[in-house]
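Hi,

Here is the structure I said I would pass on.

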Amino acid sequence: MFACVHALESAGLSLVEFAYGFSPVVEEVRPGTVVIDVEGCELLFGSPYQLAGEVVRRAQTTVNVALAANPDAAIHAATYLKGITFISPGEELTCLGDFLLAQLDHSLVNVEKKVADEIRETLRLWGVRSFGDFASLPAAGVSERLGPAGIKLQQLATGKTERHLKVKQPTPVFANSIELEHPLSELEPLSFIFARLLHHLCAALNAYALATNELCVTMQLADQATHERRLSLPYPMRDHKVFLKLLLLDTEMHPPQAAVRSVAIACEPVKPRVLQNGLFVPLAPAPDKLELTLARLAKLVGEQNIGSPVVLDTHRPDAFSLKRFSLQTNADIRKRRKAGAGALNRPSRIDDEPCLGFRTFRPPLRAIVEIDQGCPAQVSAWSKQRSVYGKVVSMAGPWRTTGDWWRDDRWARDEWDVMLERQGQQSLYRIYRELETEHWFVEGNYD
Amino acid sequence: MRAALSKAQLEADIGSRFGDAFKIHDKTVVETLSTGVAEIDSLTGGLPRGGISEIFGPASSGRTSLTYSLLAYATAHEETCALVDTNDVFSPTAATEAGMDFDRLLWIRCAGDLEHAFKATDLLLHAGGFGLVILDLGDVAGKDARRIISSWWYRFRRTVEEQPTVLTVVSEEACTRSCAALALELKGTPEWSRAQSNVLPMRKPAPIKPLLRHNSIKVNQMRPVTPWVQESQFMAVSF
C-alpha cells in the first residue's frame with residue numbers, strides 16, 4: 001500500500017524529511033509531492049486510514065493524502081482530490097475514472113511530452129475525454145494505433161502500472177560525537193573515545209565506498225572553551241587504525257588546555273584514490289605508513305624540521321624552505337616540470353664531474369681572523385658543537401656578495417675560501433666578513 | 001669415558017630434527033646501489049642493499065661529495081631517499097648543483113641531538129619503502145661516535161637486512177664496528193685549481209677541484225663470509 005502526500009502550499013516544509021518520519025522508503029515525485037511505502041507501518045500507526053490522519057495532523061500545512069495499492073494512482077488522487085482519499089485495490093477507476101486526460105501525468109511512465117500531447121490530441125479527436133473512456137479502449141487497438149507509449153499511458157490511466165518506488169537516499173552525514181559523563185584530562189582514556197568514534201566513521205565511509213582526506217576534531221573543554229584540530233592527509237584514506245594513531249600523535253603535540261567534556265569528529269567524504277600498480281614501479285613507502293612515520297618524526301624533532309628542501313629564488317646565501325614531503329607519481333613530477341614549477345630544483349648537472357660537497361654550519365661560527373697584508377692568515381672559531389682552528393696555507397677570494405639592501409635583513413659580505421692546516425691535517429672552509437659589522441664568520445666546510 | 005663428540009657428528013645426529021638450523025644462510029647475490037662515481041663503483045661494486053655501508057674520513061676528505069653524488073644518483077633513478085642530518089649541515093644549494101631531485105628526498109634536521117637522529121633512523125627503517133637512508137654523523141666528535149652502543153647498529157642491521165634499503169652512515173671515524181657490510185675510508189689532500197687572486201670577479205669560480213678525484217679510498221668489505229681488504233689509490237687526470 002502506498003500513500004501519496006501532496007502539499008498545497010510550500011510553507012517551508014521539507015516534505016521528504018517529513019515523510020521519513022513515517023517510513024524510510026520515500027520517493028520524491030516532484031517538489032511538494034512524495035510517495036511513501038506504508039507496508040509494515042501498521043504496528044506504529046494502525047490502519048492506512050489512521051496513518052493518513054496522522055500525516056494530516058502532523059503536517060504543518062494543508063496537504064492531500066491518498067492511499068492506493070498502485071503508487072501512480074495514489075499520486076493522481078492526491079494531486080486532484082482534496083483531503084484524504086482511500087482507493088481500494090482494484091477500484092482505481094472508480095476513483096479516477098472521471099479525471100480528464102489533461103490530468104494524466106505522462107512523466108510517471110517516462111513518455112515524452114511531445115508524444116503524450118500527440119496521443120492526447122488523437123484521443124480527443126476520437127472523442128475520448130476521461131481516464132475511464134481511455135481505459136475502456138481495447139489494448140490491442142491502442143497498441144496498433146498509438147504504439148507502446150499509448151499502452152503505457154492506458155495502464156497509467158487504469159492504475160495498473162507496475163513499478164518500484166525510486167527511493168531517495170538520505171544524505172549521509174559522516175560525523176560522530178559523544179558527550180562524556182566525566183571530563184577526561186588524560187590521553188589514554190581519550191584514545192578509547194577516539195577509537196570508538198573513528199571506527200563508526202570509517203565503517204560509514206566504507207559502506208558508501210568513500211574515503212576522506214581531512215578529519216575535523218572538536219573537543220568541548222571543562223572551561224567552556226573549544227579545542228579544534230584539523231588533520232589534513234595527503235591521500236584519501238579510511239583506515240581507522242591509521243586515523244587513530246595520527247590523531248593521538250597530533251593530540252600529544254597539541255594537547256587541549258583543559259579536561260575534555262565532549263568529542264566530535266567529522267569528515268568530508270571524497271572518492272578514494274585509485275592506484276594501478278605496475279610491475280616495474282620503483283620502491284616507495286606505503287602512503288598510510290609514510291603518513292604515520294612523518295607524524296612520529298614530527299613529534300620527535302618538530303614539524304618545522306622535516307620535509308623536502310626547496311631552494312628559494314634569491315641570491316641570499318643558504319636560502320631555502322621546507323615543504324611537506326609527499327610521494328609523487330612520475331606523472332605528477334613530469335607535469336610539474338613541464339609547467340616550469342620548481343625550476344630551481346631541476347637537476348642542473350650536465351657532465352659527469354663529481355660534485356663538490358659543502359657542509360653548512362648553522363648558525364655560522366663567529367671567528368677571530370688574523371689578517372696579514374689584507375688576507376686571512378690565521379682562523380679561530382669555536383662553539384659547543386665544533387671548533388675550527390688553523391693557519392691559512394692557501395686561500396681564494398675575496399668575493400663580495402650583497403643583496404636586499406632595501407630590507408632590514410640585508411646582507412653584504414666578502415667571502416674567502418681557505419685551506420687551514422692544523423697538526424698536519426688540512427681542511428677547506430668558507431669564511432666571510434660582514435661589511436657592516438666587520439665580524440668574521442666560518443660559514444661551512446668543503447667536504 | 002664417553003668420547004667427545006665432534007661438531008660434525010652432532011650436526012649429523014640431530015640436524016635432521018631441526019631442519020635448516022645448522023645451515024649458514026648467506027646471500028649469494030647481493031644487489032647494489034651505484035654511488036654515482038664510476039671509480040668507486042669499480043672498486044666496490046656499489047653499496048649493498050639490505051646492509052649498512054659506512055663512509056668515514058676526516059673533514060674535507062670527500063665524504064659529503066660522495067654522499068651528494070649518491071643521493072643525486074638515487075633520486076635520479078626514482079628511489080625515495082631520506083637524510084637524517086644530525087647536526088643540520090645539509091646544504092640545499094650545493095645539493096642542487098649536484099643534481100639532486102628534492103621531491104624524492106626527506107630531510108630530517110636533528111639539531112645536534114644524537115638520540116633523535118638514531119630514533120629517526122629507526123623509524124625510517126621500520127617504515128620501509130626507502131631506497132636509501134643516510135645517517136650523517138660527520139660532525140659528531142669521534143669520542144661521542146665511539147660511545148654509541150653496539151645494540152643500535154645490530155638493530156639497524158637486523159631491520160635493514162630484510163629490505164632492499166641501503167643504510168649509509170657518514171662519520172669522522174669508523175663507528176659501526178662489525179655491523180657494516182662495506183666500509184669506505186676516505187683520506188687525501190685537497191687541491192686548488194688556480195692560484196690565489198685578489199681580483200673581485202663577477203662570479204665566484206670554484207677554487208677547489210672536486211675532492212673525490214684526488215683522494216685515496218680504502219675499501220673494507222665485511223661480507224661475504226670471508227672478509228678481505230682492498231686498498232687502492234686513484235688519481236684522475238690533473239687539470
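Below is what turned up when I went through it.

First, the ground rules: this is a predicted model, so to speak of a local feature I needed pLDDT of at least 70, side-chain atom pairs count only at pLDDT 80 or more, and totals for chains, interfaces and linings use all residues. Residues are numbered from 1 along each chain as its sequence is written, while chains are lettered from A and ligands numbered from 1 in the order in which they are written.

Chain A as a whole: it has 12 helices and 17 strands, where helices (H or I, at least four residues) and strands (E, at least two) are DSSP runs, numbered from the N terminus. Of its 447 residues, 32% are buried. The labels go by the number of other C-beta atoms within 10 Å of a residue's own: 20 or more is buried, 12 or fewer is exposed, in between is partly exposed, and the C-beta atoms are placed from the backbone. Take the contacts in chain A between residues at least 6 apart in sequence, and 59% of them join residues at least 24 apart. A contact here is two C-beta atoms, placed from the backbone, within 7 Å.

Now the sheet. In chain A, 4 strands make an open antiparallel sheet in the order β6-β9-β7-β8 (strands pair if DSSP finds at least two bridges between them). β6 (175-184) and β8 of chain A are at the edges with a single partner strand each, so one side of each has no neighbour in the sheet. From one strand to the next, the twist averages 15 degrees. β6(A) pairs with β9(A) (residues 260-270) over 6 bridges, antiparallel, and Glu179(A) has Ser262(A) as its bridge partner in β9(A). Two helices go with this sheet. Helix α9 (residues 187-207) of chain A lies across β6, β7 and β9 of chain A, at about 25 degrees to β9(A). Helix α10 (residues 240-253) of chain A packs on the sheet too, touching β7 and β8 of chain A, and its direction makes about 140 degrees with that of β8(A). For these angles, axes are lines fitted to C-alpha atoms (for helices over the stretch in contact), and values run from 0 to 180 degrees between N-to-C directions.

On to the interface. 64 residues of chain B are in contact with 58 residues of chain A. On the chain B side, α3(B) gives the most, with 7 residues. That side divides into 30 nonpolar, 22 polar and 12 charged residues; Ala, Val, Leu, Ile, Met, Phe, Trp, Tyr, Cys and Pro count as nonpolar, Asp, Glu, Lys and Arg as charged, and the others, Gly among them, as polar. There is also strand pairing between the chains: β10(A) and β5(B) run antiparallel over 2 bridges, with Trp107(B) as the bridge partner of Gly307(A).

Most residues other than glycine have a negative phi, and most peptide bonds are trans. Arg362(A) and Pro363(A) are joined by a cis peptide bond, omega about 0 degrees, and Pro363(A) sits in strand β12 (residues 358-372) of chain A. Gly397(A) and Pro398(A) are also joined by a cis bond. Gln224(A), not a glycine, has a positive phi of about 70 degrees; it is exposed, with 8 C-beta neighbours inside 10 Å.

Cheers
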